[in-house]
Amino acid sequence: MSGDTTPGAVGEGSTRTRLDRGRGALGPALELVHTGRAPTRAVLTAELGVTRATAGAVAAELEALGLIRVDARPGAAAGSQGRPSHRLELAGDGPVALAAQVHADGFRAALVGLGGRIVATAPGCETVDADPAKVLGSVVEAGAELLRRTGRRCVGAGVAVPSAVAEPEGTALNPLHLAWPAGAPVREIFAECVRAAGITGPAFAANDVNLAALAEHRHGAGRGARDLLCVATGHRGVGGALVLDGRLHTGSSGLALEVGHLTVSPEGRPCHCGSRGCLDVEADPLAFLTAAGRDPGPEVSLLQQANELIRDHRADPTVRTAVEALIDRLGLGLAGLVNILNPDRIILGGLHRTLLDTDPERLRAVVADRSLWGRSGGVPILACSLDHNSLVGAAELAWQPVLDDPIAALAHT
């Protein structure tokens, strides 16, 4: 019997025996396909370190669960040797996770499938109530409507919030740019809203930049990095996250990498934390608009106003000076982080991505000049590549139990 025989071509007993041997490989196999690292059954076999028959049984079981598709038409990477292998693809009509994001200028909901693919999005809301229960209830209802409209099976829900989220309690300790009370039990409230909407599966909450980093590491500009540093500013403030050996580093209680409170201008603006000149108030969209002499308007988000100003008025000397000032402050903060963390890659999101695109050489030069490790060869600094990475990261929280144990997780949804 050929080692590449598909499960359907052998007796049921043989297939079940192979699957039983490979049961522990279901989660790792799904994660490999989910992150794009196993495009064919041959690659899956090599990555798992199992026989081709066992890999075939594992792939067939994941297909039976509605998670992947095994394309019988053979395919192989260019330049590969030997017989082409079956392609493995994520099921386009498979289950989804409900993803939500709350930020200073509104909130939104989406359905996200495996592979970080956004299946459907709800219209965003541009106001955030001071009561987190109202906000989370509204965003969950928007997600529930998407589920009703699409008829998709839901594996769980995740929400990204602009605050450090303490573990294991799931409380938002410092929602500085929202009117929410400090210590709001966001995960508990979110879970109650999810249950009230009739959505099955677990519910999670985490910091938005942490989730952006997780999404970028699995599906975007951070793929392949071992030690990945992410720094971003979206609507207000600056956040950071670190992925070490493929895992999000959140510290002993979920509060690691509060990079927004690095001092980059000792005599600078007062910060919400009580200090002065923190990255949080020296390198976010409001800081840029202020430095450029613009009064922010209420029509669109601060991030959009800042990006449009750079795009449309870069030649304006005041705007150019503001861009250079923010790049210098950001570079100073990044250099300090490089000295402490020694990452092998830095990715930037939000307005920081725009600053990098505008003058990449200036930013890289500041980091290299101020950091020990930057001088010795330079740390690659790249732009985040996912437009809605915090939403995708929120979905990753809900997908994680499925990646850990597909059969057990799907049995409860």
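Student: What should I know about the model before we start?
Tutor: It is predicted, so local features need pLDDT of at least 70, side-chain atom pairs count only at pLDDT 80 or more, and totals for chains, interfaces and linings use all residues. Residues are numbered from 1 along each chain as its sequence is written, and side-chain values use heavy atoms, with hydrogens and water left out.

Student: Which residues touch the most other members of the largest nonpolar core?
Tutor: Val231, Phe288, Leu334, Ile346, Leu348, Leu351 and Leu363, out of 35 residues. A nonpolar core here is a set of buried Ala, Val, Leu, Ile, Met, Phe, Trp, Tyr and Cys residues joined through side-chain atoms within 4.5 Å. Buried means under 20% relative accessible area, exposed over 50%, partly exposed in between (1.4 Å probe, protein chains only).

Student: Which element gives the largest share?
Tutor: H11, with 9 residues. Helices (H or I, at least four residues) and strands (E, at least two) are DSSP runs, numbered from the N terminus.

Student: What is phenylalanine 288 in contact with?
Tutor: Leaving aside neighbours within four places in sequence, its contacts include Ala306, Leu309, Val319 and Leu351. Contact means heavy atoms within 4.5 Å.

Student: Switching to cysteines. How many disulfides does the structure hold?
Tutor: It holds 0 disulfides (pairs of cysteine sulfur atoms within 2.5 Å). For cysteine 230, the nearest cysteine sulfur is that of cysteine 384, 4.4 Å away. Cysteine 230 is buried, at 0% relative accessibility.

Student: Now charges. How many salt bridges are there?
Tutor: The search finds 14. A salt bridge is a side-chain nitrogen of Lys or Arg within 4 Å of a carboxyl oxygen of Asp or Glu. Take glutamate 145 and arginine 148, at 3.0 Å, N to O. They sit 3 residues apart in helix H5 (residues 132-150), so about one helical turn separates them.

Student: Which pair ties together parts 48 residues apart in sequence?
Tutor: Arginine 236 and aspartate 284, whose closest N and O atoms are 3.6 Å apart. Arginine 236 lies in the loop between S10 and strand S11 (239-244), and aspartate 284 in the loop between helix H8 (279-282) and H9.
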